[in-house]
Amino acid sequence: MLDRVKLIKEIKDFFKITNLRFIGLRNEIKFLLILSVISIIIIEFILNKIQPFYNFQYDFGVIYLKLCYSYFSAFIFYYLVVYSPRERKRIKSFRYLNNKL
């Protein structure tokens with residue numbers, strides 16, 4: 001029982017930290033991420049079932065969908081490889097400075 005409570009607390013702390021780090025991202029990055037995720041959902045679940053009037057509409061939709069997927073994967077890469085380590089380093093330096101002051 002005690003291990004379960006400890007696990008739940010660790011999960012809550014993880015999501016709290018992740019949420020705070022996500023809030024710290026630039027607004028343009030968050031906007032484009034939300035736009036790409038919404039576009040992927042709409043295209044994959046709704047618009048794929050509708051026949052296009054012209055062939056270029058379908059081609060444009062395929063290109064736009066691939067761009068949305070690539071932005072989503074680039075965001076994950078950026079968050080894991082660039083942003084998250086930078087934030088950890090910044091937090092450690094703030095802790096160090098607070099302890100020295």
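Q: Which helix is Ile42 in?
A: Ile42 sits in helix α2. Keep in mind that this is a predicted model.

Q: And is Ile42 buried, partly exposed or exposed?
A: Ile42 is partly exposed, because its relative accessibility is 35% and that class covers the range between under 20% and over 50%.

Q: How far is Ile42 from Leu65, in sequence and in space?
A: In sequence, Ile42 and Leu65 are 23 residues apart. In space, their C-alpha atoms are 10.0 Å apart.

Q: Let's step back. How many helices and strands does the protein chain have?
A: The protein chain has 3 helices and 0 strands. Along the sequence, the pattern reads α-α-α.

Q: What is the radius of gyration of the protein chain, and what would a compact globule have?
A: The protein chain has a radius of gyration of 20 Å, while a compact globule of 101 residues would have one near 13 Å. Along the principal axes, the C-alpha atoms fill a box of roughly 65 × 40 × 20 Å.

Q: What share of the residues is buried?
A: Of the 101 residues, 16% count as buried. As for the surface, the protein chain exposes about 9,000 Å², and carbon and sulfur atoms supply 69% of that area.

Q: What about contacts between residues 24 or more positions apart?
A: They make up 76% of the contacts in the protein chain that have a separation of 6 or more.

Q: Which residues make up the largest nonpolar core?
A: That core has 6 residues: Leu25, Ile29, Leu33, Phe75, Tyr79 and Tyr83. Helices α2 (27-45) and α3 (55-100) each supply at least two residues of this core.

Q: Which helix gives the largest share of this core?
A: Helix α3 does, with 3 residues.

Q: Are Tyr54 and Phe56 buried or exposed?
A: Tyr54 is exposed, since its relative accessible area is 54% and the cut-off for exposed is over 50%. Phe56 is exposed too, with a relative accessible area of 57%.

Q: And why do Phe75 and Tyr79 count as stacked?
A: Their ring centres are 6.1 Å apart and their planes are at 25°, so the pair is stacked. The cut-offs here are centres within 6.5 Å for a pair and planes under 30 degrees apart for stacking.

Q: How far apart are Phe75 and Tyr79 in helix α3?
A: They are 4 residues apart in helix α3, so about one helical turn separates them. Both Phe75 and Tyr79 are buried.

Q: Which aromatic cluster has Phe75 and Tyr79 in it?
A: The cluster formed by Phe22, Phe75, Tyr78, Tyr79 and Tyr83.

Q: Last one, Ser84. Where does Ser84 lie?
A: Ser84 lies in helix α3. Ser84 counts as buried because its relative accessibility is 6%, and the cut-off for buried is under 20%.

Q: What does Ser84 touch?
A: Ser84 touches Arg21 and Tyr79, again not counting residues up to four places away in sequence.

Technical notes: Residues are numbered from 1 along each chain as its sequence is written. This is a predicted model: local features need pLDDT of at least 70, side-chain atom pairs count only at pLDDT 80 or more; totals for chains, interfaces and linings use all residues. Side-chain values use heavy atoms; hydrogens and water are left out. A nonpolar core is a set of buried Ala, Val, Leu, Ile, Met, Phe, Trp, Tyr and Cys residues joined through side-chain atoms within 4.5 Å. Buried means under 20% relative accessible area, exposed over 50%, partly exposed in between (1.4 Å probe, protein chains only). Rings of Phe, Tyr and Trp (its six-membered ring) pair if their centres lie within 6.5 Å; planes under 30 degrees apart count as stacked, over 60 as edge-to-face and the rest as tilted. The radius of gyration is taken over C-alpha atoms; the globule rule is 2.2 Å times the number of residues to the power 0.38. Contact means heavy atoms within 4.5 Å. Accessible areas come from the Shrake-Rupley method with a 1.4 Å probe; for residues, only the protein chains shown count as cover.
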